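Subject: Structure for you to look at

Hello,

Here is the structure I promised to pass on. Please open it alongside these notes.

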Amino acid sequence: MFNDVTIMESTYGNSKRISKKSRSFDVEHLKVAIETVLERNGSVILPCFSFSRTQELLTTIYDIFGNDKNFKVPIIVDSKLSCEICDMYFDLLSDKYEYFIKWNEVYHWGNVRFISEKELSQETISDSTPKIVLSSSGFCTNGRIVNYLKKYLRDRNSMIIFSGYVGDNSSYLSYRVKNYRDHKTISINKERIPNNADCITLSTFSSHANYNDLIKYGSSLNTNKLILVHGYL
């Protein structure tokens with residue numbers, strides 16, 4: 001098929017980005033991080049986008065701990081949109097039996113609690129019981145994740161885990177949280193919050209194509225003009 005014009009995203013159009021082949025390292029990193037935080041009675045906070053990222057991380061946590069009968073830690077999905085998309089996954093995966101069965105196991109895992117209501121979200125934030133929380137947005141620009149950060153950034157026993165890109169300047173709350181050495185206190189809704197919690201980033205969970213993938217796919221296109229957006233190459 002010939003295209004007169006093709007538009008292609010190039011968010012990671014450079015050769016330095018970590019390959020998804022390193023995913024096993026990030027999965028092990030996630031496992032150790034969760035175990036370490038729970039041993040010291042802290043909570044794990046994962047800011048993540050509602051579509052795809054929430055479901056991928058939830059499935060990964062299930063893969064790590066789902067068969068461990070001694071793992072009783074509550075896993076909270078706190079976002080109205082995230083919960084709606086989690087429900088929709090049954091329809092989206094209806095024609096892919098293997099993935100449908102796996103998602104059914106993840107969705108009905110006894111540790112998982114889906115929270116849509118604002119009141120239940122506020123109760124969960126107030127409860128200091130150790131927990132794993134997946135909440136949007138991924139950049140922490142808005143959504144319920146902001147309220148979780150207001151509480152748990154203060155806690156040296158807790159950890160914030162980002163998955164993928166977090167922004168490249170201090171206008172992003174996610175960037176300021178990650179770069180804690182330069183932002184020891186953070187203003188959230190005009191309140192100064194000590195940036196005390198541990199923080200790591202799982203780079204291989206990003207959904208954007210890598211440099212080599214972009215080159216391979218872009219070179220295969222039969223097009224008169226290729227327009228790159230959302231990045232460079």
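A term first: a residue counts as partly exposed when its relative accessible area falls between the buried class, under 20%, and the exposed class, over 50%. Please also keep in mind that this is a predicted model.

**Aromatic pairs**

The model holds twelve aromatic pairs. One of them joins phenylalanine 90 and phenylalanine 100. Their ring centres are 5.7 Å apart, with 75° between the planes, and the pair is edge-to-face.

How accessible is each ring's residue? Phenylalanine 90 has a relative accessible area of 16%, and the buried class is anything under 20%, so phenylalanine 90 is buried. Phenylalanine 100 comes out at 27%. That value lies between the 20% and 50% limits, so phenylalanine 100 is partly exposed.

Phenylalanine 90 also pairs with tyrosine 107. Why is this pair edge-to-face? The planes stand at 85°, and over 60 degrees counts as edge-to-face. The centres are 4.9 Å apart. Phenylalanine 90 sits in helix α3 and tyrosine 107 in helix α4, so the pair ties together parts 17 residues apart in sequence. Both partners are buried.

These residues belong to a cluster linked by ring pairs. Its members are Tyr89, Phe90, Phe100, Trp103, Tyr107 and Phe114.

**A charge over a ring**

Which ring lies under the charged end of arginine 23? It is the ring of phenylalanine 205. The charged end is 4.0 Å from the ring centre.

**Surface**

Val5, Ile7, Ile227 and Val229 make a nonpolar surface patch of about 320 Å². Two strands, β1 (3-9) and β10 (223-229), each supply at least two of the patch residues. Isoleucine 7 is in strand β1. Its relative accessibility is 61%. The exposed class starts over 50%, so isoleucine 7 is exposed.

Lysine 118 is in helix α5 (residues 118-126). Is lysine 118 buried or exposed? With a relative accessible area of 55%, lysine 118 is exposed.

Lysine 118 and asparagine 222 are 104 residues apart along the chain. Their C-alpha atoms are separated by 49 Å.

Best wishes

Notes: Residues are numbered from 1 along each chain as its sequence is written. This is a predicted model: local features need pLDDT of at least 70, side-chain atom pairs count only at pLDDT 80 or more; totals for chains, interfaces and linings use all residues. Side-chain values use heavy atoms; hydrogens and water are left out. Rings of Phe, Tyr and Trp (its six-membered ring) pair if their centres lie within 6.5 Å; planes under 30 degrees apart count as stacked, over 60 as edge-to-face and the rest as tilted. Buried means under 20% relative accessible area, exposed over 50%, partly exposed in between (1.4 Å probe, protein chains only). Helices (H or I, at least four residues) and strands (E, at least two) are DSSP runs, numbered from the N terminus. A charge sits over a ring if NZ of Lys or CZ of Arg is within 6 Å of the ring centre and within 35 degrees of the ring normal. Patches are made of residues with over 30% relative accessible area and no salt bridge: like charges are joined within 9 Å, nonpolar side chains (Val, Leu, Ile, Met, Phe, Trp, Tyr) within 5 Å. Accessible areas come from the Shrake-Rupley method with a 1.4 Å probe; for residues, only the protein chains shown count as cover. A salt bridge is a side-chain nitrogen of Lys or Arg within 4 Å of a carboxyl oxygen of Asp or Glu.
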